[in-house]
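This report reads through one structure, taking its overall makeup, its packing, its charged pairs and its chain contact in turn.

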Amino acid sequence: MSMSRKTLWIGLAATTIIVIATAAYLLWPRSEWTKEETTTLRGLWIGSLPPLSPDPSNRVADNPQAVAMGQRLFFDTRLSSNGKVACATCHLPAQDFQDGKPLGEGVGTTTRRTMPLAGTAYSPWLFWDGRKDSLWAQALGPLESAVEHGGSRTQYTHVLAQHYRAEYEALFGPLPDLSDPTRFPASAGPVDDPTARQAWESMAPEDREAVTRIYANIGKAIAAYERKLMPGSSRFDQYVEALLNNNTTGMRAALTPQEAAGLRLFVGKAGCINCHNGPLFTNNDFHNTGVPAAAGLPEDTGRAAGVRQVLEDEFNCLSAYSDAQEEDCGELRFAKTDDHALERQFKPPSLRDVAERAPYMHAGQFATLRQVLEHYNNAPDAPHGHSELKPLGLSEQELVQLEAFLRSLSGSLNTPPELLAPPASQAMCLGCHPEAAAQLVPADQPPP
Amino acid sequence: MNTVITVSQPQIASPRQRLLRRIAIIGGGILLVIAVLFGALLAWMNYVPSDLDLSTTRHSNQGVYQVSYAPRRGLIEINQIHAWTIHVATPDGQPVTDAVITVDGDMPQHGHGLPTRPQVTKHLGNGDYLVEGMKFQMGGWWVVDFTIDHHGQRDTVRFNMILK
């Protein structure tokens with residue numbers, strides 16, 4: 001063999017070894033994390049969750065009396081057209097403040113999946129499409145929705161005057177005299193029901209304004225309560241804490257090798273972290289991930305419609321009912337509105353406790369976590385707009401690892417236990433509607 | 001016991017050997033190309049120029065303006081909407097007032113922009129402008145471009161920042 005041939009063979013062999021070694025280095029499962037990876041994991045750790053910022057649009061947002069009033073309102077079925085629906089009907093405290101159903105069911109059936117509440121106070125946008133820009137404005141949507149609480153704002157102000165007068169007035173000042181039924185009908189509001197709508201339109205503008213202000217305050221009290229609902233630590237968080245303390249025994253105790261391999265995929269090859277980042281595992285932005293349309297529901301354009309609605313919302317940050325100054329409303333004023341990419345974008349929910357919250361996606365399209373992962377792995381085209389996904393090429397083993405990791409994100413809420421049930425003073429009233437009461441009392445307590 | 005017989009091969013390669021050699025050369029070449037491309041992709045994804053100018057005062061691309069920026073709250077927090085003040089001057093330090101300024105931001109390694117549409121909302125006087133709606137949704141290398149138009153003199157300045 002001539003010299004040049006020998007050189008060629010040696011060169012080839014060396015190249016092959018380098019390629020194989022590089023591939024092995026990149027693909028071999030590792031148990032250690034680089035400095036950059038550790039920084040990434042610290043960012044996902046619950047310990048990185050900053051204190052909740054004030055909500056300038058709600059001046060009672062952090063008032064303990066408002067929390068107590070909001071808690072009562074949250075569990076009060078009188079805030080509905082049939083006396084059976086409270087916020088807690090769909091946002092069940094024992095189930096992570098959601099209902100486990102593909103579509104929310106109040107007095108009728110909605111077109112979207114009920115969202116969990118823990119940590120949502122951190123989000124600048126509420127609902128799957130961000131059509132509300134504060135917790136208090138969000139709370140007012142379902143109350144007047146024909147398929148959720150089904151009631152109207154004059155109905156709710158009458159409930160307030162009758163059952164919440166003292167605590168309302170302590171927080172918001174004197175209630176006006178609502179006793180004249182011609183000025184303040186029992187049921188009136190800008191709702192779908194034609195009778196209630198007509199009654200609303202025939203009211204004097206200043207009376208409508210007075211009622212709407214009380215209605216907005218109902219939302220602000222409920223929001224004060226919801227701001228207390230916070231996610232807690234999971235096994236994943238114990239793992240990161242151990243990692244930050246260089247405690248390998250603690251790391252091994254917190255996550256199995258399979259779960260840790262899933263975590264490596266989550267922050268690496270699978271790219272989940274692109275949207276599910278930060279200690280709440282969501283960037284609270286909007287994305288089209290090609291989720292299939294739900295059968296039998298009208299076309300859903302997601303954020304494209306949501307951003308138009310929030311800009312026009314009578315309770316947005318810039319509205320007369322908001323306590324904020326214009327400079328506090330940056331998210332609303334500088335929201336992306338003109339982007340074609342908004343079509344069928346939805347907000348990534350927090351992945352904390354995700355394994356406890358089937359079915360998945362904005363209309364419960366996927367029954368299991370495995371189906372969700374297969375969707376991301378296959379990256380089908382979006383029914384409308386453009387999916388941001390690319391096929392991931394994950395193997396069967398990798399899908400199993402990712403699912404195992406997602407299951408390690410379950411943990412109990414970091415919320416005082418007394419806030420996870422109706423307040424004691426409400427027990428008697430719940431007795432008026434045994435059916436509703438049975439639904440609302442957590443499973444570990446005997447029914448009244 | 002088996003006997004191993006070594007037969008010395010003639011120096012001229014058979015057609016079969018030539019074919020094998022060709023396959024080896026082509027295969028090796030393809031592997032090399034894949035390795036180089038893969039390496040290049042990795043390098044690009046993680047590439048931050050070592051001489052990246054992170055200064056908060058820079059000249060615009062054509063040298064028409066000298067621009068400085070400062071976050072109003074002193075530092076930039078990830079995922080928090082916030083405001084900046086920028087100061088626009090001529091290269092010799094004369095403040096440029098009443099310019100029309102647009103702003104845009106981008107992550108060169110990720111190919112995506114800002115989650116908001118920030119705007120220059122106010123001329124605060126003396127060449128200072130208020131920029132509202134700034135928000136960065138993740139750490140890493142960001143660029144923010146201001147395009148400044150003053151009496152038809154249009155130029156763009158780019159700021160680099162590494163957010164943690």
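What follows is an account of a predicted model.

## Overall makeup of chain A

Chain A contains 18 helices and zero strands, and its C-alpha atoms fill a box of roughly 110 × 45 × 40 Å along the principal axes. Of the 448 residues in chain A, 54% count as buried. When contacts in chain A between residues at least 6 apart in sequence are considered, 72% of them join residues at least 24 apart.

## Nonpolar cores

The largest nonpolar core has 51 residues, and within it Leu73(A) and Phe74(A) touch the most other members. The elements of chain A that each supply at least two residues of this core include α3 (64-74), α6 (153-163) and α9 (205-226), with α9(A) giving the largest share, ten residues. Leaving aside neighbours within four places in sequence, Leu73(A) is in contact with Leu79(A), Leu160(A), Tyr164(A), Ile218(A), Ala221(A) and Ile222(A). Another core, of 38 residues, lies apart from this one, and Ala254(A), Leu263(A), Leu351(A) and Leu394(A) are among its members.

## Helix α10 of chain A

In helix α10 of chain A, which covers residues 235-244, the buried residues are Phe236(A), Asp237(A), Tyr239(A), Val240(A), Ala242(A) and Leu243(A). The buried residues of α10(A) pack against α2 (35-44), α11 (248-254), α12 (257-267) and α16 (396-407) of chain A. Just after α10(A), Asn246(A) takes a positive phi of about 55°.

## Salt bridges within chain A

Over all chains, the count comes to 32 salt bridges. One of them joins the side chains of Asp96(A) and Arg357(A), at 3.3 Å from N to O; this pair links distant parts of the chain, with Asp96(A) in the loop between α4 and α5 and Arg357(A) in the loop between α14 (330-333) and α15 (369-378), 261 residues apart. Asp96(A) counts as buried because its relative accessible area is 9%, under the 20% cut-off, and Arg357(A) is buried as well. Apart from neighbours within four places in sequence, the contacts of Asp96(A) are Pro116(A), Leu117(A), Arg352(A), Asp353(A), Arg357(A) and Leu413(A).

A second salt bridge joins Asp129(A) and Arg112(A), at 3.2 Å from N to O. Both residues lie in the loop between α4 and α5 of chain A, so the pair ties together parts that are 17 residues apart in sequence. Asp129(A) is buried at 3% relative accessibility, and Arg112(A) is buried with a relative accessible area of 14%. In the pair Asp207(A) and Arg183(A), the closest N and O atoms are 2.9 Å apart; Asp207(A) is in helix α9 and Arg183(A) in the loop between α7 and α8, 24 residues apart. Asp207(A) is buried, with a relative accessible area of 6%, whereas Arg183(A) counts as partly exposed at 41%. Salt bridges that share partners also join Arg112(A), Asp129(A), Arg131(A) and Asp300(A) into one network.

## Contact between chains B and A

Chain B and chain A bury about 2,000 Å² between them, 59% of it on carbon and sulfur atoms, and the contact takes 24 residues from chain B and 23 residues from chain A. Four salt bridges are found across this interface, and Glu132(B) forms a salt bridge with Arg333(A), with the closest N and O atoms 2.9 Å apart. The count of residue pairs in polar contact between chain B and chain A is five.

On the side of chain B that touches chain A, at least two residues each come from α1 (15-46), β6 (119-125) and β7 (128-134) of chain B. The element that gives the most to this side is α1(B), with nine residues.

Conventions
Residues numbered from 1 in each chain as written. Chains lettered and ligands numbered in written order. Predicted model: local features only at pLDDT ≥ 70, side-chain atom pairs only at ≥ 80, totals over all residues. Heavy atoms only, no water. Contact = heavy atoms within 4.5 Å. Buried area = accessible area lost by both parts, 1.4 Å probe. Polar contact = N/O pair within 3.5 Å; in protein donor to acceptor, adjacent residues only side chain to side chain. Helix = DSSP H or I, 4+ residues; strand = E, 2+ residues; numbered from the N terminus. Core = buried A, V, L, I, M, F, W, Y, C linked by side-chain atoms within 4.5 Å. Buried < 20%, exposed > 50% of the residue type's maximum accessible area, 1.4 Å probe, protein only.
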